[in-house]
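Here is a short briefing on one protein model. Keep the structure open as you read.

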Amino acid sequence: AAGLWSEVNRCGQNGDFARALKSVNKILQINKDDVTALQCKVVCLIQNGNFKEALGVINTHTKVLTSDVIAFEKAYCEYRLNRIESALKTIQSASQQTDKLKELYGQVLYRLERYDDCLAAYRDLIRNSQDEYEEERKTNLSAVVAAQSTWEKVVPEDLGLREATYELCYNSACALIGQGKLNEAMKKLQKAEELCRQSLSEDSDVTEEDTEAELAIIHGQMAYIMQLQGRTEDALQLYNQIIKLKPTDVGLLAVIANNIITINKDQNVFDSKKKVKLTNAEGVEHKLSKKQLQAIEFNKALLAMYTNQADQCRKLSASLQSQSPEHLLPVLIQAAQLCREKQHAKAVGLLQDFADQHPANAAEIKLTMAQLKIAQGSVTKACMILRSIEELQHKPGMVSALVTMYSHEEDIDSAIEVFTQAIQWYQQYQASQTRGANPKSAVHLSLIREAANFKLKHGRKKEAISDLEELWKQNPKDVHTLAQLISAYSLVDPEKAKVLSKHLPSSDTMSLKVDVDALENSHGATYVRKKAGKLTGDNQQKEQGQGEVKKKKKKKKGKLPKNYDPKVTPDPERWLPMRERSYYRGRKKGKKKDQVGKGTQGSTTTGSELDASRTANSPPTSPRPGSGAAVSATSNVIPPRHQKPAGAPATKKKQQQKKKKGAKGGW
């Protein structure tokens with residue numbers, strides 16, 4: 001047995017745990033309950049990555065391997081097998097909390113997303129430990145702060161850590177992203193990239209591919225910042241570069257694929273369907289936080305909706321709702337799917353049920369319901385839904401929206417009622433805050449002014465008087481409000497209007513010293529007076545006697561026809577339609593109708609078609625297609641537009657030229 005133990009010791013020092021395990025098994029064959037041998041076997045199995053087998057050995061020999069003896073190994077196996085809750089129980093049940101257990105305890109708390117407890121555990125470790133692992137503990141501490149900033153929106157405290165490594169720089173950048181400080185975060189990531197390259201360049205065994213793989217997570221965070229800044233094309237390019245590297249971190253690939261899907265939205269769904277497979281890789285659920293996994297599931301449901309997979313969309317959203325009953329997104333996705341199926345009434349009913357069951361989230365749900373009602377054209381019902389949101393009734397944005405919608409429906413009374421309720425709410429609120437005093441806030445006064453202007457615009461001057469008096473009371477020097485008040489009183493109480501008009505400033509006090517020339521020559525002037533030039537002689541006399549003389553516009557010379565002949569008197573009836581002219585005789589019907597257009601193309605007619613009885617004084621008629629009597633281009637025949645023919649209709653078109661010699665007829 002002594003020889004076997006020396007073999008185990010030698011193999012352990014050399015890191016050959018496979019051979020050490022064989023020697024340990026031989027020892028256990030001699031004594032199966034040897035505590036030291038069992039411990040060595042568990043360690044060898046852990047070193048070889050056989051966590052499940054190691055945990056089996058521990059559970060099989062519980063009488064020998066008590067929690068005090070093997071607590072760390074058992075908890076570590078459970079942690080590596082993703083049995084996080086069991087690992088926590090094992091650590092807490094240990095009678096003695098060693099440094100190893102405390103280190104593991106911090107890791108377990110981080111995986112359980114108990115960041116406050118985790119932060120306290122690492123602070124205690126850093127305070128009470130002095131060894132070569134101090135840098136790793138500080139890195140873990142910064143990771144906890146980054147997680148708090150990102151997922152819990154906690155403002156991170158300054159830990160005073162010197163960012164000497166790329167891991168610390170990266171975690172600091174993540175914390176800044178959580179605070180929305182994107183530009184600062186980008187600078188930190190660039191510094192982290194530089195430190196990473198420097199660190200890896202010192203190792204001669206590290207290749208360029210290894211460096212790029214290590215930088216993938218930093219580049220992924222850079223792309224995320226670009227996406228948040230709206231630089232989606234740059235982000236998409238960097239995301240795809242990382243995917244091409246095929247990193248081994250399934251969590252990183254899943255997050256990048258999810259971000260690409262969010263960029264694609266309802267476009268490029270084929271690419272999104274390919275990317276969604278990366279989010280389903282084995283082990284992803286153990287690499288990401290709960291909120292990251294939830295966001296991925298939400299996007300899967302939305303992608304199913306965009307790809308018209310209605311059943312899949314309903315299944316995913318129902319599963320999400322069962323996991324998080326109070327979360328808004330699952331019910332909103334279900335409502336959106338129903339709207340795509342033209343089931344608006346059912347969608348509104350679904351949202352109403354959720355609002356009744358979860359009053360805390362009712363405001364956002366009711367806003368969605370109102371939007372659906374507006375889309376259906378039910379503006380009045382949408383207004384009723386919006387007015388039922390008590391916590392938003394007095395908000396200026398809500399008041400403005402309701403007044404606009406009521407005005408669109410020409411329901412002026414309801415619009416005025418909205419103003420009145422909002423003003424009363426501010427009066428009651430300010431009275432409770434100031435213990436009876438009645439100062440007006442800027443928002444309150446703004447609402448009163450908007451109410452008064454609205455009433456005046458719609459002819460409700462009597463109703464606007466109280467609002468205008470309140471405004472004038474707050475600022476007696478406001479001349480515009482006073483003028484509005486006088487205008488309103490002029491219809492109700494003219495005497496009161498006269499009394500108030502005495503408060504108007506005199507014309508002398510209201511005169512403004514305005515430089516007219518400077519005003520006309522200003523950049524925004526619509527009319528600029530031209531500077532007068534020097535006048536001499538006759539021009540000066542004209543200026544004095546007659547004022548400015550307008551320049552006469554030159555008349556454009558009219559265009560003449562191409563065949564215009566100045567020697568020929570134009571036809572006085574040329575502007576009349578042909579049928580209305582005195583010499584129009586109508587079209588000849590039935591003459592040689594059967595022969596028109598017959599024969600092959602380019603062929604000539606027989607001599608019998610020529611009318612020899614016509615004299616030279618007869619006006620020319622339009623040539624027939626293929627006729628041998630076509631007039632050449634050099635003919636001196638005067639067109640009918642310039643000369644009235646005698647007793648025959650005029651031709652409408654210029655006669656065609658003769659075909660050149662040698663031209664072939666037919667096709």
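**Helix packing and backbone notes**

Helix H9 (residues 134-151) packs against helix H10 (residues 166-179) at an angle of about 15°, and their axes lie 8 Å apart. Because angles under 35 degrees count as roughly parallel, H9 is roughly parallel to H10. The model is predicted.

**The H9 and H10 contact**
- The crossing of H9 past H10 is left-handed.
- On the H9 side, the contact residues are Glu135, Lys138, Thr139, Ser142, Ala143, Ala146, Ser149 and Thr150.
- They meet Glu167, Leu168, Asn171, Cys174, Ala175, Gly178 and Gln179 in H10.
- By type, the residues of this contact are 5 nonpolar, 7 polar and 3 charged.

- Most residues other than glycine have a negative phi.
- Asn82 is not a glycine, yet its phi is positive, at about 65°.
- Asn82 sits in the loop between helix H5 (67-80) and helix H6 (84-93).
- Its relative accessible area is 28%, so Asn82 is partly exposed.
- Lys265 also has a positive phi, near 55°.
- The loop between helix H14 (250-264) and helix H15 (269-275) holds Lys265.
- Lys265 counts as exposed, because its relative accessibility is 53% and the cut-off is over 50%.

**The protein overall**
- The protein has 30 helices and 0 strands.
- Of its 667 residues, 33% are buried.
- Among contacts between residues at least 6 apart in sequence, 50% join residues at least 24 apart.

Key. Residues numbered from 1 in each chain as written. Predicted model: local features only at pLDDT ≥ 70, side-chain atom pairs only at ≥ 80, totals over all residues. Heavy atoms only, no water. Axes fitted to C-alpha atoms, helices over the stretch in contact; angles between N-to-C directions. Helix = DSSP H or I, 4+ residues; strand = E, 2+ residues; numbered from the N terminus. Parallel < 35°, antiparallel > 145°, perpendicular 65-115°, else oblique. Left-handed = near helix turned anticlockwise from the far one by under 90°. Contact = heavy atoms within 4.5 Å. Nonpolar A, V, L, I, M, F, W, Y, C, P; charged D, E, K, R; others polar. Buried < 20%, exposed > 50% of the residue type's maximum accessible area, 1.4 Å probe, protein only.
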